[in-house]
Amino acid sequence: MAGKITFTMIKPSAFKSNYTGAILKMINEAGFVIRAMKTIKLTKEQAGAFYAIHEGKPFYETLVEFMSSGPIVAVVLEKENAIEDYRTLIGATNPEKAAEGTIRKLYAVNMQQNAVHGSDSDENAIIESDFFFSKTEWI
Ligand code: ADP
Ligand code: MG
């Protein structure tokens with residue numbers, strides 16, 4: 001059965017452009033409940049560790065640079081069918097291919113600076129949430 005938790009980050013480009021409020025509004029209006037949230041600036045080491053699964057890919061180095069270039073907002077979200085529904089809300093990785101009305105279509109700069117992260121599985125949602133939050137920081 002699909003889990004209820006997903007993890008998202010508002011990436012540095014979207015944070016810098018002051019899209020945080022608009023993105024959180026879309027998230028809430030889509031029925032997600034915020035279980036934990038913080039604003040944080042990642043070190044290169046932290047960004048590299050978070051995206052370790054992509055190590056070796058051509059975009060990895062610039063992704064780590066980008067994700068450590070400014071503040072991000074890390075958020076744990078709860079909803080039925082969280083992973084799939086959130087991926088639908090954010091749209092495709094490449095914003096040019098993202099559906100109309102999705103977060104990435106509205107707020108991405110390009111494929112790398114694509115406004116938000118979204119977990120790809122129940123297992124990774126927990127790993128990613130644990131990367132940023134201790135259990136005492138969840139409500
Ligand atoms: P998603 O974030 O949709 O799950 P991936 O897990 O494949 O996508 O990639 C992680 C992140 O790496 C993307 O959100 C994007 O910021 C960046 N990225 C992925 N593919 C590319 C690419 N071809 N060029 C530049 N950046 C990329
Ligand atoms: Mg991914």
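The largest pocket is lined by 22 residues, and Y51, I53, H54, L63 and H117 lie nearest its centre. This is a predicted model, in which local features need pLDDT of at least 70, side-chain atom pairs count only at pLDDT 80 or more, and totals for chains, interfaces and linings use all residues. Residues are numbered from 1 along each chain as its sequence is written, chains are lettered from A and ligands numbered from 1 in the order in which they are written, and side-chain values use heavy atoms, without hydrogens and water.

A pocket here is an open set of points on a 1 Å grid over the protein atoms alone, where a 1.4 Å probe fits, with protein on both sides within 12 Å along at least five of seven lines; lining residues have an atom within 4 Å of a point. Helices (H or I, at least four residues) and strands (E, at least two) are DSSP runs, numbered from the N terminus. Helix 7 gives the largest share, 4 residues. The space inside comes to about 580 Å³, a volume filled by probe spheres set on grid points that are joined across faces, edges and corners.

What sits in the largest pocket? Ligand 1 does, as more than half of its atoms lie within 2 Å of the grid points. Around ligand 1 stand K11, H54, F59, L63, R87, T93, R104, M111, Q112 and N114, each with a heavy atom within 4 Å.

Now look at the side chains. Oxygen atoms of ligand 1 lie 2.9 Å from an N or O atom of K11, 3.0 Å from one of R104 and 2.9 Å from one of N114. The protein covers 77% of the 530 Å² of accessible area that ligand 1 has on its own, by the Shrake-Rupley method with a 1.4 Å probe.

Methods: Polar contact = N/O pair within 3.5 Å; in protein donor to acceptor, adjacent residues only side chain to side chain.
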